[in-house]
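Please look over the structure below before reading on.

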Amino acid sequence: MSVGLLTGAFLSMSAAKSVAYYEVKTSPHQKVKAYYGKELSALVTRLEEFKALSKNAPKERLQEAFVECRSHYKHIEFIVEYFFRETAVKVNGPNLLEAVASMPKMPLYPSGFQVVEEFVYTQERLDRDGLLDEIDGLKEGVHKLTQLESAVLLDDANLMYALKLNIYRLITKGITGFDSPVSLNSMEEAKFTLQAFDEVVGYLENANDLSILTKQSIVYLENYTGSFDSFNRADFIKVYLNPLTSAIQTYTERMEIAYPDHLDFAIRKDAKHMFEAKAFDLAFFSPQDALALTTENVALGKRLFEEKRLSIDGSRNCASCHNPALAFTDGLKVNTVLGKEEGLLRNTPTLINAGYQSMQFYDGRVAFLEDQAHAVITNKQEMGGEFATIIQNLLKDKSYKKAFEKVYGEKSITDREIKLALAAFTRSLSAMNSPFDKYMRGEENALKAKEINGFNLFMGKAKCATCHFAPLFNGVAPPFYEKMESEVLGLPAENVEEGAELDEDLGKYEIYKIQHHKRAFKTTTVRNVALTTPYMHNGVFNTLEEVVVFYNEGGGKKYGFELENQTLPFDQLNLTEKEQEDIVLFMEALTDTSYVK
């Protein structure tokens with residue numbers, strides 16, 4: 001063989017090795033990381049340009065530059081939110097004060113896109129100095145992402161679950177306006193999110209079904225020419241996004257991808273979509289020693305729930321305030337203090353779906369239902385019980401000794417065992433099979449047109465879903481469901497049109513004395529809300545129609561209250577009477593009485 005032929009053969013072999021080496025280096029995970037790095041770099045560049053423009057460019061050009069920056073962030077959000085949640089809050093958290101309990105007098109000021117958005121889309125004179133400061137704050141968060149870039153450790157499991165969670169985020173925060181509360185550019189940003197999804201899916205093997213569904217979703221958005229208010233969210237979720245997360249699940253099963261074991265989330269990892277029956281894992285909201293919801297465990301909890309020996313004078317049990325016939329409420333504005341005629345401080349909340357919360361009580365003072373049971377039993381105004389006496393009395397009853405032995409394996413009774421059993425019963429009160437749920441699972445006739453329109457209003461124009469997050473419709477923030485939101489609404493003490501006075505209950509403030517928590521209360525669920533009148537923490541409203549009017553007119557602003565820390569926007573929602581009626585009809589369609597069985 002000639003030297004030329006040898007050289008050619010050697011070069012061919014080297015080229016083949018280079019190609020093989022290149023293919024190893026550009027696995028799907030590496031391609032995703034490269035895409036992330038490219039988009040992050042583009043975000044850094046666009047932010048620099050945005051800052052330069054902020055000095056003198058007209059507002060319209062600034063808005064264009066803002067959208068350009070947002071597009072690059074939305075392209076990488078699935079990784080940022082999955083791996084760097086704390087930094088994600090700095091980059092794209094809500095424009096609300098925060099604080100930690102250990103430093104109540106040191107508020108944590110918000111930063112990021114949502115703060116910048118309020119400057120860029122203001123209807124008033126543009127504060128350029130303030131805008132420049134906030135862009136610098138946003139840049140700090142993005143700079144942190146560049147420092148953390150090497151910490152993106154992608155494998156099949158993390159990649160697929162990050163993508164799935166980001167679709168959940170799109171459903172609950174993206175298309176509702178939570179992410180873009182001022183510009184309401186939600187539909188275009190949804191397109192950015194899905195374009196990134198489409199890019200990443202293109203790197204995967206055997207993912208043609210995912211690619212087709214994603215492209216169909218993008219086309220749907222590209223063809224939409226209406227407003228934020230008129231977008232058909234029910235259709236978009238049901239026809240496009242639910243099938244997309246279902247396809248992700250099918251793909252992971254087909255490719256034998258196991259989701260990461262080290263991470264626990266509220267939505268079961270194998271759920272096809274977030275509206276699926278039993279999509280949410282009650283164990284996520286429970287302590288490690290929580291009882292399983294077996295027949296025996298729940299039966300013991302139910303018996304204790306009805307046991308008057310838990311109260312100091314034997315006159316009251318849990319059902320005295322949480323009446324099963326009244327959806328586990330009492331139908332009263334407030335119940336009475338034990339042994340007195342005076343009223344308690346707050347309205348009795350329903351226990352239905354109370355297990356799907358990361359904090360209990362209106363002021364959020366405890367995390368678990370076990371702690372809630374302890375607090376109520378020992379509260380001198382509610383039950384006034386003493387566990388030593390309670391245990392002594394229960395041990396005198398042989399049937400209780402037998403029941404505790406069956407559940408715990410021993411005849412002795414402890415206060416923890418009582419609380420665990422009560423919590424098990426409360427967690428069993430799950431009601432997630434309403435007409436709305438059936439509709440989202442494919443039963444086309446489960447909802448009427450007005451109810452569907454009510455859902456679209458709830459998720460859009462009325463902005464209800466920016467606090468009552470679907471599909472739990474409470475304040476536990478998706479898609480991780482770790483933190484439960486509290487809101488300052490500006491409620492009146494009495495339901496009167498003239499001469500209303502601000503309710504004096506300081507709510508969450510009383511726990512840690514954090515200033516911006518004054519009159520803040522947990523965002524409770526609107527599931528089964530048609531059964532739980534009267535409404536709000538003080539029981540001030542008797543009908544859902546009154547509640548909707550209150551929100552429609554800007555909360556406390558309706559009564560002339562000036563609350564600097566009101567988190568409910570002061571702006572009127574401008575809902576028509578028909579729209580308000582449809583929202584009420586939708587909330588009524590969240591009724592599920594299966595807990596009765």
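## Cysteines

In this predicted model, cysteine 318 has a relative accessibility of 13% and therefore counts as buried, because the buried class takes in values under 20%. The structure holds 0 disulfides, and cysteine 318 accordingly has no such partner: the nearest cysteine sulfur belongs to cysteine 321 and is 8.9 Å away.

Cysteine 467 is likewise in no disulfide, with the nearest cysteine sulfur, that of cysteine 464, lying 8.8 Å away. For both residues, the distance can be set against the cut-off, since a disulfide is a pair of cysteine sulfur atoms within 2.5 Å.

## A nonpolar patch

On the surface, a nonpolar patch is formed by Val100, Met103, Met106 and Leu108, which together have about 340 Å² of accessible area. Valine 100 sits in the loop that runs between helix H4 (85–92) and helix H5 (113–120), and because its relative accessibility is 31%, valine 100 counts as partly exposed.

## A negative patch

A patch of negative charge is also found on the surface, where Glu545, Glu577, Glu581 and Glu588 gather.

Notes: Residues are numbered from 1 along each chain as its sequence is written. This is a predicted model: local features need pLDDT of at least 70, side-chain atom pairs count only at pLDDT 80 or more; totals for chains, interfaces and linings use all residues. Side-chain values use heavy atoms; hydrogens and water are left out. Patches are made of residues with over 30% relative accessible area and no salt bridge: like charges are joined within 9 Å, nonpolar side chains (Val, Leu, Ile, Met, Phe, Trp, Tyr) within 5 Å. Accessible areas come from the Shrake-Rupley method with a 1.4 Å probe; for residues, only the protein chains shown count as cover. A salt bridge is a side-chain nitrogen of Lys or Arg within 4 Å of a carboxyl oxygen of Asp or Glu. Lys and Arg count as positive and Asp and Glu as negative; His and the chain ends are not counted. The place of a charge is taken as NZ of Lys, CZ of Arg, CG of Asp or CD of Glu. Buried means under 20% relative accessible area, exposed over 50%, partly exposed in between (1.4 Å probe, protein chains only). Helices (H or I, at least four residues) and strands (E, at least two) are DSSP runs, numbered from the N terminus.
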